[in-house]
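I opened the notebook to record what I looked up in this model, going from the packing of helices to the contact of the chains and then to charged pairs.

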Protein chains: 2
Amino acid sequence: MATYAKGRERRAEILRVAREVFATRGFRSASLAVIAERAGLSEPGLLHHFPSKDHLLTAVLEERDDSEIERTRRQVEEEHRSRAEALIDLCRRNATRPEMVQLFTVLAAESVDAAHPAHEWFVERYRMIRALLVDGLEQEQREGRLAPDANLEQLAIEIVAMFDGLQLQWLLDRERVDMVAPFERFIARALPGPPPPRR
Amino acid sequence: MATYAKGRERRAEILRVAREVFATRGFRSASLAVIAERAGLSEPGLLHHFPSKDHLLTAVLEERDDSEIERTRRQVEEEHRSRAEALIDLCRRNATRPEMVQLFTVLAAESVDAAHPAHEWFVERYRMIRALLVDGLEQEQREGRLAPDANLEQLAIEIVAMFDGLQLQWLLDRERVDMVAPFERFIARALPGPPPPRR
DNA sequence: GTCTATACCGGGATAGAC
DNA sequence: GTCTATCCCGGTATAGAC
């Protein structure tokens, strides 16, 4: 029992460190030696918990905050916040977690290579996010806040693009680039606010 | 003379291959062995032309198409095309050169790490591009096509973000994601067209 | 200008003791 | 569950011959 609890803590600690290291170095040039050392155990010790580097990557990706997506969904469906506000809120939250933003920015770009172990994962993740957005936008359309002939698929692509693109510039130059204000402006232009014009 | 010409061709060929390999693997996990082999010479042969991997990266970055930026500038200043059209043209051209897009997308994200050999280069490159855009937008403002109180710095950040973000999604999923049409729509909303409303 | 040979490091992963 | 020891690969870079 005590051993099991200890194992779980270890695992969690390894994942925490792996996130850090993958975020700074990307997956391929990250090393198990560094992760093991920072997690306070040996390399074979690490590989006892995650049998290979690929397994470790998978665990990091799987574990990681699709709780954020869930949170956003909840804000809209249960707390009745507008979709625009929920998106801006997500952006604002990301501005407080540069490490997580970096993890996904770096891994997503690295995974553009079809041979990357997370390639399929990212392709699917983006499809999923765009599909979620399209669903939300359809709802906006039904409620009269978007033109009936708006190209929702294209709009979803744009929203995701703005989100990612701002994150990259922000990561590279946090002193000069704010991502929240530009994203707010973009959303204000792309998604009309909560009062439905009705007619 | 013949030797010199041969040397230049070699160099060019090495750079061409290095671009390819850096684009797929990023800088850090790219290997000189692969580059040398594809360029048809040995590893020390390669290092005769570029004394280290870092030198090779520098050469790839320096050589690379800021001729594109120059081209865009020329379109606006000499061929009198609108800034909106010139940006869209650049996007359209990139859609025909996925490898070059991938090179910059992958390296830019990898260089977010302050310890990356190209970190400063990318930070400066983005500052330069935003400054160029702000200059152009000021001109648009003076010509009455942008509101006098528009936040040009923010708008420049947004344009760059959309550009990069679309490229990432497009690289990951070219079959489903078109980057030109969304960029056109975005620019149409962000930058009013050539006819200056005058009043 | 290009090669072979080599030095040397660091990578991921496994065997097997404790 | 964690370790030491070890394997074997591949990395960058250099020395020195041709």
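This is a predicted model: local features need pLDDT of at least 70, side-chain atom pairs count only at pLDDT 80 or more; totals for chains, interfaces and linings use all residues.

Residues are numbered from 1 along each chain as its sequence is written, chains are lettered from A and ligands numbered from 1 in the order in which they are written, and side-chain values use heavy atoms, with hydrogens and water left out.

**Entry: chain A**

I looked up the elements of chain A and found 10 helices and 0 strands, where helices (H or I, at least four residues) and strands (E, at least two) are DSSP runs numbered from the N terminus. The C-alpha atoms of chain A fill a box of roughly 65 × 40 × 35 Å along the principal axes.

Helix 7 (residues 98-110) of chain A packs on helix 8 (residues 119-142) of chain A at an angle of about 115°, the axes lying 9 Å apart; axes are lines fitted to C-alpha atoms, for helices over the stretch in contact, and angles run from 0 to 180 degrees between N-to-C directions. That makes helix 7 of chain A roughly perpendicular to helix 8 of chain A, on a scale where angles under 35 degrees count as roughly parallel, over 145 as roughly antiparallel, 65 to 115 as roughly perpendicular and the rest as oblique. In this contact (heavy atoms within 4.5 Å) I listed Phe104(A), Leu107(A) and Ala108(A) from helix 7 of chain A, and Trp121(A), Phe122(A), Arg125(A) and Tyr126(A) from helix 8 of chain A.

**Entry: chain B**

I then checked chain B, where the axes of helix 7 (residues 98-110) of chain B and helix 8 (residues 119-142) of chain B come within 9 Å and cross at roughly 115°. The crossing of helix 7 of chain B with helix 8 of chain B is left-handed.

**Entry: between the chains**

How many residues does each chain bring to the contact? I read 42 residues from chain B and 42 residues from chain A. Together the chains bury about 3900 Å², 59% of it on carbon and sulfur atoms, buried area being the accessible area (1.4 Å probe) that two parts lose on being put together, summed over both. Of the area that chain B buries against chain A, 17% comes from Val112(B), Gln169(B) and Leu172(B), more than from any other three residues.

Helix 9 (residues 152-172) of chain A and helix 8 of chain B pack at about 120°, with axes 10 Å apart, and are therefore oblique to each other. I noted Leu168(A), Gln169(A) and Leu172(A) on the side of helix 9 of chain A, meeting residues of helix 8 of chain B that include His119(B) and Arg130(B).

**Entry: salt bridges**

I counted 8 salt bridges across the interface of chain B and chain A, each a side-chain nitrogen of Lys or Arg within 4 Å of a carboxyl oxygen of Asp or Glu. Asp173(A) pairs in this way with Arg127(B), the closest N and O atoms being 2.7 Å apart. Over all chains the search finds 42 salt bridges. Arg38(A) and Glu20(A) also form one (3.6 Å, N to O), linking helix 2 (residues 32-39) of chain A to helix 1 (residues 2-25) of chain A across 18 residues.

Methods. A crossing is left-handed if the near helix is turned anticlockwise from the far one by less than a right angle, and right-handed if clockwise.
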